[in-house]
Amino acid sequence: MEVPWKEYLAQLTRYGYMNYKEISERVTFFVNYTMAHPHLIQAFNEVMQSVYQAPGISLIFVVGATGVGKTTLLRRLEQKLTEKALPELKHNQGKVPVIGLEAKAPEFSQFDWKDFYIRLLKVLNEPLIEKKINYGQSCSKWRSAVESALIQRSPDAFYIDEAHHLAMLPSGRKLKDQPETLKSLANLTQVKIIPTGTYDLLPLIDLGDQLCRRSKTIHFQRYHADNSQEAKAFKSVVQTFSQYLPLPQQPDLLSNWEFLYERSLGCVGILKDWLSVTLSEVLDSDGNAQTITLSDLQRHALGVRQCLVMLKSISTGEQQLQESSEDLLKLQKDLKLIPSSHGTTHLKHSQSKKEREVCRTEDSGKERASQKNTKKQIAQTSPRRYPLNKESSEKEEKETDFFHSL
């Protein structure tokens, strides 16, 4: 039975000093600690539901900001899938509940599928790989070996971490081939494939009708400070981390939550890495350090320029995943659910209150300007009809009769 870290810490401080091994154990304790927070739980439940309750889905894309906690999600997924497969493992000992592989970044802007298949076979513990296939053979031979191994091992899910490396190609013409290859592999082996990555994974999503039908996209979101509920959840995360830092005195992180949010961009993974580095540096400097201060956090925080670069990429990805009312209206119009005239009215009513006020202000200004221009000028009479003189009218009639006689 493991001793809680507070009791363990009391045993270490009994002699008044800490050695390197003990400091390393304290840092490892915090690094290995994982916390279930609302966005992690939501993304995890969606993935589990897609694995077990979505028979028509082959690809489950998990997309989120860098440092949002995708690796923690995959670890939790691996643990739960293994637990659910325990009864089946008693009868099928050759089954592997879940497998995972990190997509290797290409060296020459060309993803290497052959290397991907070889490393996948090693993850599956395929015996005598070198004896079965010659490394100089074509990629199709390795693909056949992977299909056979997946069918024999029958995992419930196969996740690919850092899957945005699949989109690193010299040309966009072959971009559709990447998800199509994964979809074909999933269909032939009946294994759910879970590509996981940053927003750079978005170019591989929804590239065709078959991919749209056979895939699902799960957005693992960061916390937004402008939302009161999410700000409250982020504060709860900060408070929990402060309680689990293996220090004699609990640091007051909650009073500086805005600074922690600013330099972590609302991503729990970035926040935890930041606290881990700070804890390691503080304990290396002084093994008997009591707590972490604001100055300690400032020394190891991300720079402002780094945060701006990351935030720009994150904001672009979030906008791409956000469904707009214009797209919904276009879909309804193309399906002939609403007439085109109704669409114009709907767009007019969907304007924000501020835009309507601006429109009303402009219309009233134009109306006042038109009224001002139509005022009667000085010494100018209004237009009216003047009666003709009787003599002149008789003269005109005589002239008319004369011309008709001619």
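**Confidence along the chain**

Across the protein chain the mean pLDDT is 81, with 75% of the residues reaching 70 or more. Confidence is highest in helix α11, where the mean is 95, and lowest in helix α18, which spans residues 390-405 and has a mean of 49. Over residues 402-406 the pLDDT falls below 50, and this stretch makes zero contacts in the model beyond its near neighbours in sequence. Where pLDDT is low, the predicted coordinates should not be read in detail.

Thr-240 has its place in helix α10, while Gln-250 belongs to the loop that runs between α10 (228-244) and α11 (257-264). The table sets out the relative accessibility of each.

| Residue | Relative accessibility | Class |
|---|---|---|
| Gln-250 | 42% | partly exposed |
| Thr-240 | 17% | buried |

Thr-240 counts as buried because its relative accessibility is 17%, which is under the 20% cut-off. Setting aside neighbours within four places in sequence, Thr-240 is in contact with Tyr-33 and Met-35.

With neighbours within four places in sequence again left out, Gln-250 is in contact with Gln-239, Ser-242, Gln-243 and Thr-291. With one of these residues, Ser-242, the side chain of Gln-250 forms a polar contact of 3.4 Å. Gln-290 lies 40 residues away from Gln-250 along the chain, yet the C-alpha atoms of these two residues are separated by 8.3 Å.

Technical notes:
Residues are numbered from 1 along each chain as its sequence is written. This is a predicted model: local features need pLDDT of at least 70, side-chain atom pairs count only at pLDDT 80 or more; totals for chains, interfaces and linings use all residues. Side-chain values use heavy atoms; hydrogens and water are left out. Helices (H or I, at least four residues) and strands (E, at least two) are DSSP runs, numbered from the N terminus. Buried means under 20% relative accessible area, exposed over 50%, partly exposed in between (1.4 Å probe, protein chains only). Contact means heavy atoms within 4.5 Å. A polar contact is a pair of N or O atoms within 3.5 Å; within protein, one must be able to donate a hydrogen and the other to accept it, and residues adjacent in sequence count only if both atoms are side-chain atoms. pLDDT is the predictor's confidence in each residue, from 0 to 100.
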